[in-house]
Structures are given as C-alpha cells and as structure tokens.
Amino acid sequence: MTSDVPSHPTSDSLTDVRGLRVGHATLDGGARAGHLTGTTVVLAPEGGAVAAVDVRGGGPGTRETDALDPRNLVQRVEAVVLTGGSAYGLDSASGVMAWLEERGRGVRVGPDPSHVVPVVPAACVFDLGRGGDFTARPDAATGRAAVEAAARTDLFAPVQEGNVGAGTGAVVGRVKGGIGSASVRLDSGITVAALVVANAAGSGVDPRTGALYGRYFEGRQVAYPTPEVHAEAERRLAEAAAENGPPPLNTTLAVVATDAELTKAQAQKLAGTSHDGMARAVRPVHLLNDGDTVFALATGGHALAADNPLALNEILAAGADLVTTAIVRAMLAAESVQTPGGTFPSYLDLYGKQVE
C-alpha cells in the first residue's frame, strides 16, 4: 500500500505518528521537596484521534474510559493523560480539559462553537510517598502545564524518556522505572508507535541472569551481566528493599498509536493485543495491585488495504512489540533516585553500560 503523505525524519518515539505531541510536567523536589511524581499528556491533532482502551490490571485508576467503548457515542478524543499520584492525580485531567475548552476543542454539544465538552481519558500510576511526602501529587495545574508543554513542541519532536512526567516516581519491581517510547514504519507505509509509563509490581529483570526480560524478544543478542555484577546488583537491591519496606502498589500505562484509519473496535483490538508486549517485559503482570491500562489512538491518513481482511494484523503485532521495546527503553533511560521515601536504583547503575 502506498501513501501520498510525505515521509518525515523519525525520532523512534510516539511522535512519529503524524500530529501527536507529548508534554511532561515533572514534580521532583527542589523548591517542592518531597515530590517525586508528574503528569504526561499525549495531545492529538486538532479534531482528535479515534481512541480505545483495554484495562487488564486488578487495581486501575482511570477517568473517561467508558466513553471509549466502541458501543458508545464518543468517536474521537483530543488528549490522553497519564499521571502519577494514584487516584488523586486524576485531577490533572481537569487542567487539560480546561485548556482544550478554551480552544473550542471537544465534543460539540451546543449551537455555539465554544459549546464543547472535551473528553479526556486518563489513567494513573501509584507513586504516593516515593519522594517522602505522601500528599505530593499532580493536580489540575500540573495537567495544564503538561498539555501546554505538549502544545509548544514541534511536530515529530522526540519524546523525553526516563524520570520525567508520569514516570518521575515510577518503579518496576525494585528497580527505577520511567517513561519509554518507540516506533516503527511498516512496509505498508503505516507508522505504529508506543509510549509507556513503566511502573510495575512485577520485575523487569530476569532474576537468573540480570538481563531485562524485554531483551529476550527484541531479536538481538542479549548482553548478559557477569555473575559477579549480577550478585552485587542483587545485594544492593536487597539492601534498598529492606530500607524501603513493603513493596508499593504499582501500574504500567501505555499509549499505542498509529496513523492508520481504524474504527473504534479496531483500535480496541490494538489496545488489547498491545498488553502482550507488557507481559513479555514484566513478570508477573496484570496483578490485583496493578492497574495496567493501554490506550490506542488512530489518527488516520493510511487506509487499510481493502482487499486484505487481515491487514490489521501487522499493526497488532507491531503494537505489542513496541510496548516491549518502550519498557526496555524506560528502564535504560531511568536514573537512580534516593529520597526520604526510599532508594530506587536504576538498571544501568546496577549493571553498567555493557548491558544497554
């Protein structure tokens, strides 16, 4: 399949899907000591994107996800919010909603163009207290700052990864997590991309070898740490765990996007199969104390091949692969953090550059 949409430089991140922008608002100490949290906003092009969601974790914290059911009215959304702060942090979506309303972006509900209701789906991760202050969490102002940051970015600008936005206080098992992103351009010309907030109760590290689980599925030779390095990493993690106390609640979030033309039902299928990528990179996954959630966005521009009823399959496969890669990238981009709320070593701090 060919397309008349011109090609563009790739950043290997979610923003390779034309029209999508990503902004972070990070609360990580300084004048606001005790904070280790934040919000990330995926801003769709004006007019919105077809959206769907699939929730697999047993402890989700979400907003406006029912609106994305294919049986329901809303077809397109202008933004998706990923946030720290557990259920408190969902308040950040109201700041994004206000910003969109000011610009007349949302579902038209009255005769005047300003009569809109922006539908802003959101999901949260648990990071309460990781900076030392349990009451530190994103609010409406944080959400507004994140959407404003997204709006300021250029098209196709790379997504900042690691300890930023909703990934600021993220932890995967006992290892620091964060934001990761990845993309691919398929032979059909369709772009598929993912952004992940890696923050899981399960581990991203194989306890037998010290390798990242996600590396086993990337089609490349895995760089294993030496037994001595792995043993020292395990010692440091055990020491940190003893200091931190009981393992906290967690959740991994993802936005998987494509520039293909999808129905809401097709987008929901993409959200569902993309969870497979999470299961490859984190073990165990989708636990009762996780709220694992995947949103899918489709911006259009590339029609699926009308003569191929299975044309969606390559997008489904790519979505799962990219979620795996994005989790790996999140853990490689993360930096160690030590706060009054705990010590959270990064993977590279534990195992060194040779495992990148």
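**Salt bridges, stop by stop**

Start by selecting Glu232, which is partly exposed, with a relative accessible area of 37%. The model on screen is predicted.

Next, select Glu102, Arg103, Arg144 and Glu148 together. Salt bridges with shared partners join these four residues, Glu102, Arg103, Arg144 and Glu148, into one network. Within this group, zoom in on Arg144 and Glu102, whose side chains form a salt bridge at 2.7 Å, N to O. Arg144 belongs to helix H3 (residues 140-152) and Glu102 to helix H2 (residues 92-102), so the pair ties together parts that are 42 residues apart in sequence. Arg144 counts as partly exposed, with 25% relative accessibility.

For the last pair, select Glu234 and Arg174. Their side chains meet in a salt bridge of 3.5 Å, N to O. Glu234 is in helix H4 (residues 227-244), while Arg174 is in the loop between strand E10 (171-172) and strand E11 (175-176); this pair links distant parts of the chain, 60 residues apart. Glu234 counts as partly exposed at 27% relative accessibility, and Arg174 is partly exposed too, with a relative accessible area of 38%.

How many salt bridges does a search of the whole structure find? The count is 16.

How values were computed. Residues are numbered from 1 along each chain as its sequence is written. This is a predicted model: local features need pLDDT of at least 70, side-chain atom pairs count only at pLDDT 80 or more; totals for chains, interfaces and linings use all residues. Side-chain values use heavy atoms; hydrogens and water are left out. Helices (H or I, at least four residues) and strands (E, at least two) are DSSP runs, numbered from the N terminus. Buried means under 20% relative accessible area, exposed over 50%, partly exposed in between (1.4 Å probe, protein chains only).
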